[in-house]
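Visitor: I have a structure open and would like to learn how to read it. Could you take me through some features?

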Amino acid sequence: MKRPTRLAAVGVGACVLVLAVVLALQVDNDPSFASGRLLGRPAPVFAGPDLAGGTIDSRDLAGKVVFVNFWNDWCIPCRQEAPALQAFWEAHRDEPDFAMVGIVRDVRSERDLRDYAFEEGVAWPVMFDPGGRAAVDFATTGQPESFMIDARGVVVGFQSGPASLDDLEAMLAAARGEIEP
Amino acid sequence: VIGRLRAWLPWAGLLAVLAVSLAVVVARGDDPGPQDRVEALARGLRCPTCQNESVAESRSATADAIRADIARRVEAGESDATIERAYVDRYGEWILLTPPDRGVGLVVWGLPVAVLVVGAAGLAAAVRRGAAARRTATPDDEELVGGLRGEPPG
């Protein structure tokens, strides 16, 4: 190989190597990890009207373990996750130190949402997020996304995408200090 | 004198246009209104639920929410740097559409410059080598040219 050709090959190889390193270093900047940045930090305060006609304010839930799930009725993965949420709610709804809030984001039709909630038996408190403020404060990048907040108000669990019942129970146990998060 | 003035007239016109443009840019840059600041900040942030769209461009509900949040923060008196930092803190540097000029971001800024410098140096070396090669004629060249000119060999 002639010298200029060899030099050009080395140059191109060096550029490819540098770009590969840069891309490798950017892996943890993937947006799906964004909400995980809240782990270990105080949970954002959220408040808004609920599906039952009242209001929900996170400050009223202080001292409890709070499970927050961002969802909506037109999101297929949210529908896939619904049975696990239902089972989780049924298992813990009567525990005094536990609260669960579904926050609906990007609502297209409130009527469709109400119909879905009624038909699927969504019995846990559901809060509307007018203006999308809670979705932005929690740095969500889509739905479903779930957060487990411990009794001190610190985010100790995060799940992007549909969670299984085992995922939810593990997050709750970690929030109660029963297992390492 | 009139001929010399006429020759300078286009240059004077160009200078005047440049001066006015600069004055307009400086005057606008001095005191951007709150809406200008919201727009500028939104242009610099990636919409988290979109495919490579800025918050300013996107019509998604999340982008609307972020624009409203930026407007709230601007109204509350937060500086542009503080608002940008709040979003980096929340989403990571991924949220910035312009890579930061530090850390890994330096590579993005530096690599094209390095490629340009190396390319220019290579081009300069090639041109110089070509020029040097042109200056030296071999005895065979001399003989060939001499033959064509009808000069006797040797």
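Guide: Gladly, and please keep in mind that this is a predicted model. Strands of a sheet pair through backbone hydrogen bonds, in either a parallel or an antiparallel sense. Here E6(A) and E7(A) pair in the antiparallel sense, with 5 bridges between them. At one place along this pair, A:Glu145 stands opposite A:Ser160 in E7(A).

Visitor: How many residues lie between E6(A) and E7(A) in their hairpin?

Guide: There are 5 residues between these two strands of the hairpin. In the turn you will find A:Gly153, whose phi is positive at about 90°.

Visitor: Which sheet do these strands belong to, and in what order do its strands come?

Guide: Look for an open sheet of 5 strands in chain A, with the order E5-E4-E3-E6-E7 and mixed pairing. The edges are strand E5 (126–128) and strand E7 (155–160) of chain A, each of which pairs on one side only. From one strand to the next, the twist averages 20°.

Visitor: In which sense do E4 and E5 of chain A run, parallel or antiparallel?

Guide: Strand E4 (residues 98–104) of chain A and E5(A) run parallel, joined by 3 bridges. To locate the pairing on screen, pick A:Val104, whose bridge partner in E5(A) is A:Phe128.

Visitor: Which strands of chain A does helix H2 lie across?

Guide: Helix H2 (residues 76–92) of chain A lies across strand E3 (65–71), E4 and strand E6 (145–149) of that chain. Its direction makes an angle of about 155° with E4(A). Helix H3 (residues 110–120) of chain A lies across E3, E4 and E5 of chain A, at about 175° to E5(A).

Visitor: What should I look for in the backbone of the loops?

Guide: Two places are worth a click. In the loop between E4 and H3 of chain A sits A:Asp106, a residue other than glycine with a positive phi, near 55°. The loop between helix H4 (133–137) and E6 of chain A holds A:Pro144. The peptide bond leading from A:Gln143 to A:Pro144 is cis, its omega being near 0°.

Visitor: Now the chains together. How much area is buried between chain B and chain A?

Guide: The size of an interface is often given as the accessible area lost when the parts come together. For chain B and chain A that area is about 1700 Å², and carbon and sulfur atoms give 61% of it. Chain A brings 23 residues to the contact and chain B brings 19.

Visitor: How many salt bridges cross the interface of chain B and chain A?

Guide: The rule finds 2 across this interface. One of them links B:Arg90 with A:Asp137, where the closest N and O atoms are 3.6 Å apart. On the side of chain B that touches chain A, the elements giving two or more residues are helix H3 (61–75), helix H4 (80–91) and helix H5 (105–135) of chain B. That side has 12 nonpolar, 3 polar and 4 charged residues.

Visitor: And how many salt bridges does the whole structure have over all chains?

Guide: Over all chains, the search finds 15. Among them is the one between the side chains of B:Arg72 and B:Asp69, at 3.5 Å from N to O. These two are 3 residues apart in helix H3 of chain B, so about one helical turn separates B:Arg72 from B:Asp69.

How values were computed. Residues are numbered from 1 along each chain as its sequence is written. Chains are lettered from A and ligands numbered from 1 in the order in which they are written. This is a predicted model: local features need pLDDT of at least 70, side-chain atom pairs count only at pLDDT 80 or more; totals for chains, interfaces and linings use all residues. Side-chain values use heavy atoms; hydrogens and water are left out. Contact means heavy atoms within 4.5 Å. Buried area is the accessible area (1.4 Å probe) that two parts lose on being put together, summed over both. A salt bridge is a side-chain nitrogen of Lys or Arg within 4 Å of a carboxyl oxygen of Asp or Glu. Helices (H or I, at least four residues) and strands (E, at least two) are DSSP runs, numbered from the N terminus. Ala, Val, Leu, Ile, Met, Phe, Trp, Tyr, Cys and Pro count as nonpolar, Asp, Glu, Lys and Arg as charged, and the others, Gly among them, as polar. Two strands pair if DSSP finds at least two bridges between them. Axes are lines fitted to C-alpha atoms, for helices over the stretch in contact, and angles run from 0 to 180 degrees between N-to-C directions.
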